[in-house]
Amino acid sequence: MESAASATSATSATSATSAASATSGTAVPSPGHQRTTYGDVLGQPLFRLLFATRILGVSAETLRITTLSVLIFTTSHSPLLSALAFGVGFLPQLPGSMLLGALADRLPPRPLLTSGFLLNCAAAAVLGTVRMPTAAELAMVAAVAVLAPVFGGATSALAADFLAGDAYVLGRSLLNMASSGAQLAGLAAGGAAVAGLGTGPALLLAAGLNAGCALAVWLRLPDRPA
């Protein structure tokens with residue numbers, strides 16, 4: 001009788017907890033369920049590769065855009081053109097996302113990401129070594145920015161392949177934080193690099209970071225279908 005009473009009491013308590021959970025909208029973890037942590041997510045080697053290359057890639061992109069703004073201001077003495085050089089690295093990403101974003105799901109991710117880093121590497125290297133008209137520099141940066149959402153979409157799609165459930169939610173959060181943090185770091189590094197190295201070497205530094213990311217992706221990311 002005591003066992004039956006205990007079982008009945010436990011069942012009633014479980015029902016009451018479930019009802020309270022449904023009322024409050026808070027999920028009650030099932031017994032034995034171990035919560036996924038950021039450490040677990042970063043322990044996945046392939047996701048760690050995506051995370052590291054996202055940080056370096058966004059930092060290099062921000063460094064390139066910041067340095068180009070300084071370079072254009074130095075040559076033109078126009079605050080308007082300098083501001084335009086900064087904005088043209090980000091604003092074209094909106095139409096690029098709407099028009100070209102689907103390509104991230106239609107192309108194999110390994111060559112796509114490698115091509116993206118190499119494209120950014122080439123753009124930074126050209127800006128750092130070849131003096132072009134301001135309009136040509138802005139057009140080249142805008143063309144690269146239009147394609148940026150395709151490469152970012154490929155990274156997000158791979159994260160969904162490598163992680164599942166709670167791990168994917170935390171992984172997406174880490175990638176978003178990496179992008180925001182890398183932009184801030186790129187702005188700070190851009191100012192320091194221009195002050196310490198000059199515009200040309202700073203742009204070559206951005207090119208080198210992108211080249212390193214391209215090599216890491218090509219060597220360590222498995223070849224997967226679209």
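The largest nonpolar core of this predicted model has 25 residues. Within this core, Val 41, Phe 47, Leu 113 and Leu 221 have the most contacts. Two or more core residues come from each of the elements α3, α7 (109-129), α8 (134-162), α9 (166-197) and α10 (199-220). Helix α8 supplies the largest share, with six residues.

**Cores and their residues**

- Leaving aside residues up to four places away in sequence, Val 41 touches Thr 36, Phe 47, Leu 163, Ala 167, Leu 170, Gly 171 and Leu 174.

**Thr 53**

- Thr 53 belongs to helix α3, which covers residues 45-76.
- Thr 53 counts as buried because its relative accessibility is 7%, and buried means under 20%.
- The side chain of Thr 53 reaches the backbone oxygen of Leu 50 at a distance of 3.1 Å.
- When residues up to four places away in sequence are not counted, Thr 53 touches Phe 117, Cys 213 and Val 217.

**Overall architecture**

- The chain contains ten helices and zero strands.
- Of the 226 residues in the chain, 37% count as buried.
- Among contacts in the chain with a separation of 6 or more, 83% are between residues 24 or more positions apart.
- The chain exposes about 11,800 Å², and carbon and sulfur atoms supply 68% of this area.

**Annotated transmembrane regions**

- An unreviewed UniProt entry places the feature "transmembrane region" at residues 68-91, 112-132, 138-162 and 174-196.
- In the model, residues 112-132 are 86% helix and 0% strand, and the end C-alpha atoms of this span lie 28 Å apart.
- Residues 138-162 are 100% helix and 0% strand, with end C-alpha atoms that lie 37 Å apart.

**Confidence of the prediction**

- The average pLDDT of the chain is 82, and 85% of the residues score at least 70.
- Over residues 1-32 the pLDDT is below 50. Beyond near neighbours in sequence, this stretch has four contacts in the model.

Methods:
Residues numbered from 1 in each chain as written. Predicted model: local features only at pLDDT ≥ 70, side-chain atom pairs only at ≥ 80, totals over all residues. Heavy atoms only, no water. Helix = DSSP H or I, 4+ residues; strand = E, 2+ residues; numbered from the N terminus. Buried < 20%, exposed > 50% of the residue type's maximum accessible area, 1.4 Å probe, protein only. Polar contact = N/O pair within 3.5 Å; in protein donor to acceptor, adjacent residues only side chain to side chain. Contact = heavy atoms within 4.5 Å. UniProt positions renumbered as here; feature names shortened; annotations may be inferred. pLDDT = per-residue confidence, 0-100. Core = buried A, V, L, I, M, F, W, Y, C linked by side-chain atoms within 4.5 Å. Areas by Shrake-Rupley, 256 points an atom, 1.4 Å probe, with all protein chains shown as cover.
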